Amino acid sequence: MFEEASEVFDNMFKSSFPLTFIVFIPAVLILVSPLPAEAAHEFTVYRMQQYDLQGQPYGTRNAILNTEARTVEAEVLSRRCVIMRLADFSYEEYQKALRQSAGAVVIILPKNMSAVPQDIVQFMELEPEMLATETIVPVYFAMEDDELLSIYTQTLTSSSSQGSLSAAEVLLHTATANGFQMVTSGAQSKAISDWAITSLEGRLAGVGGEDLPTIVVVAHYDSFGVAPWLSYGADSNGSGVSMLLELARLFSKLYTYKRTHAAYNLLFFVSGGGKFNYQGTKRWLEDNLDHTDSSLLQDNVAFVLCLDTLGNGDSMHLHVSKPPKEGTPQYSLLKELEMVVSSQYPEVKFSMVHKKINLADDMLAWEHERFGIRRLPAFTLSHLPSHRLAQRSSIMDVRSVSPSSRHGAGEPPAGPHVDVKKLSRNTKLVAEALARVIYNLTEKGAPGDLKIFTEQMQVQEEQLSAVVDWLTAQPRAAQLVDKDSSVVSTLEYHLGHYLKDVKRHYVKADKRDPEFVFYDQLKQTMNAYRVKPAIFDLLLAVCIAAYLGMMYLAIQNFGILYSVVRRITQPKTKTH
């Protein structure tokens, strides 16, 4: 009976080759078919800046990512997504990834920035360098979580172990290891058309004549950092905006009463596009000086006081493009600041920093230079001695840092932040100096330690803190704050509460020769899929081919195979 069955199967398989595949291929596919890709983790990523300024491109020019993950320890990074932690980040390794044409770079930021003070200082110094050159490699930032750290750890182990293994071991490890395919959900970035940068102005009119001198107080509200969606700008320039609003509140009270209504016009300007060469201020000056016949900026400007990064430190610097001459209102403000500091705040170190405007530079150093170009007397107050310091344009400029980040007792935190008590003190200092200029108190014989803003007129520290908290509750990069933004509408509400004639001013880039161009796709969702490497598919295909070949040979020679098996398994007969 078995011999007959053998002949039947032998004839069936030999005469019907497709039937062989009909019988065996489904079984093979069921056994070796891969499982569907598993989404290991979904998380939000924030893309590096992409913009054009004066025709010069900056930042990353690509947004699409669909490639396998590696760490910088891997020897080959080409067309791979290189994952880095902030704690291990270095500019040399970042440049290595760019030189090897990596598919993308993802930098993992810690949840608590204050926990790594040295890394904060190092990364702040590198942010301008990262933005200085254009790159086609997509660069993303992600906030650390347990699953993302697990992905990083597994990728690091896989990348690090390959360097010390033999070629065969590397091949085996590569074939059996689990990898991660990093995929973004968004499309390629494109230029945003008709984007409007919004600025706001309001005024307090003086009393006593028509040709009154005007004091202009300015602060830009937008923030800047290597990634727009992570730019909260607490000190630069949340502190300047909060001080401007508090000054508006204080002097609006003084101007309410006839006895303290001064013979100065006060003009307050909250500018947009400050981090992009002060585009809002530039257009505002053009509108007031070139395109109108009646403007406070055309008549009698005493000086323009720009407020920038005033939320920390025990120093205050008056940055000027041209030292003020004796007898001018600018000189009076300089002397009043010196008097108030020496008489009321001796712990503050005050100085004047002189820097000429360099029109050959792509970026102006301080906002007052925009006014200086138009021959308006102006200066900037800041606790920073130089415009080149990295904390003016860093994603590390956050509201506050915890005391645990201090290196030792009594030492300040490493990263930029806002100390509300020092911001309040600086606001009092500026308010007192302005009041002494406006009311001409020194010539009237008032002592230097005379305090005007006391009791019901004192600076409200809680108000300053609330404004800074509100401003740093959302990123304020210029690409994210449009004319309908809550940032603009809330600022407009506060200015309207204290000032008169509050107006909006818009600036749009020229379509033929744009001074600035912004791009979209700055925030995306990234998926990390757990996958086998491509070589695993190759080895799997080889194994399947070998298996099918063996099965085909066995089927074609079924009779012979059956005879051999029968001969081996047949019990031996005893001979007598």
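Colleague: Which ring does the charged end of Arg-392 sit over?

Modeller: That would be Trp-366, with the charged end 4.1 Å from the ring centre. Bear in mind that this is a predicted model.

Colleague: And what about Lys-523, which ring face does it lie over?

Modeller: Lys-523 lies over Trp-229, at 4.5 Å from the centre of the ring.

Colleague: OK, ring on ring now. How many aromatic pairs does the structure hold?

Modeller: There are 14 aromatic pairs. One of them is Tyr-51 with Tyr-58: the centres are 5.1 Å apart and the planes are at 20°, so that pair counts as stacked.

Colleague: Is Tyr-51 buried or exposed?

Modeller: Buried, because its relative accessibility is 7%. Tyr-58 is buried too, at 13%.

Colleague: What kind of aromatic pair do Tyr-51 and Phe-224 form?

Modeller: An edge-to-face one, with 6.1 Å from centre to centre and 80° between the planes. Tyr-51 belongs to strand β2 (residues 50-53), while Phe-224 is in the loop between β10 (214-220) and α7 (234-254), so the pair ties together parts 173 residues apart in sequence. Phe-224 is buried as well, with a relative accessible area of 10%.

Colleague: Which residues make up the aromatic cluster with those?

Modeller: Tyr-51, Tyr-58 and Phe-224 form one cluster with Phe-276, Phe-516 and Phe-518.

Colleague: Switching topic: where is Lys-275?

Modeller: In the loop between β11 (265-271) and α8 (279-289). Lys-275 is buried yet has no salt bridge.

Colleague: Last topic, the greasy part. How many residues are in the largest nonpolar core?

Modeller: It has 67 residues, and those with the most contacts inside it are Leu-247, Phe-251, Leu-307 and Leu-381. Helix α7 gives the most to this core, with ten residues.

Colleague: What does Leu-381 touch, not counting residues up to four places away in sequence?

Modeller: Its partners include Leu-305, Leu-307, Leu-310, Phe-350 and Val-430. Asp-308 is on that list too.

Notes: Residues are numbered from 1 along each chain as its sequence is written. This is a predicted model: local features need pLDDT of at least 70, side-chain atom pairs count only at pLDDT 80 or more; totals for chains, interfaces and linings use all residues. Side-chain values use heavy atoms; hydrogens and water are left out. Rings of Phe, Tyr and Trp (its six-membered ring) pair if their centres lie within 6.5 Å; planes under 30 degrees apart count as stacked, over 60 as edge-to-face and the rest as tilted. Buried means under 20% relative accessible area, exposed over 50%, partly exposed in between (1.4 Å probe, protein chains only). Helices (H or I, at least four residues) and strands (E, at least two) are DSSP runs, numbered from the N terminus. A charge sits over a ring if NZ of Lys or CZ of Arg is within 6 Å of the ring centre and within 35 degrees of the ring normal. Lys and Arg count as positive and Asp and Glu as negative; His and the chain ends are not counted. A salt bridge is a side-chain nitrogen of Lys or Arg within 4 Å of a carboxyl oxygen of Asp or Glu. A nonpolar core is a set of buried Ala, Val, Leu, Ile, Met, Phe, Trp, Tyr and Cys residues joined through side-chain atoms within 4.5 Å. Contact means heavy atoms within 4.5 Å.
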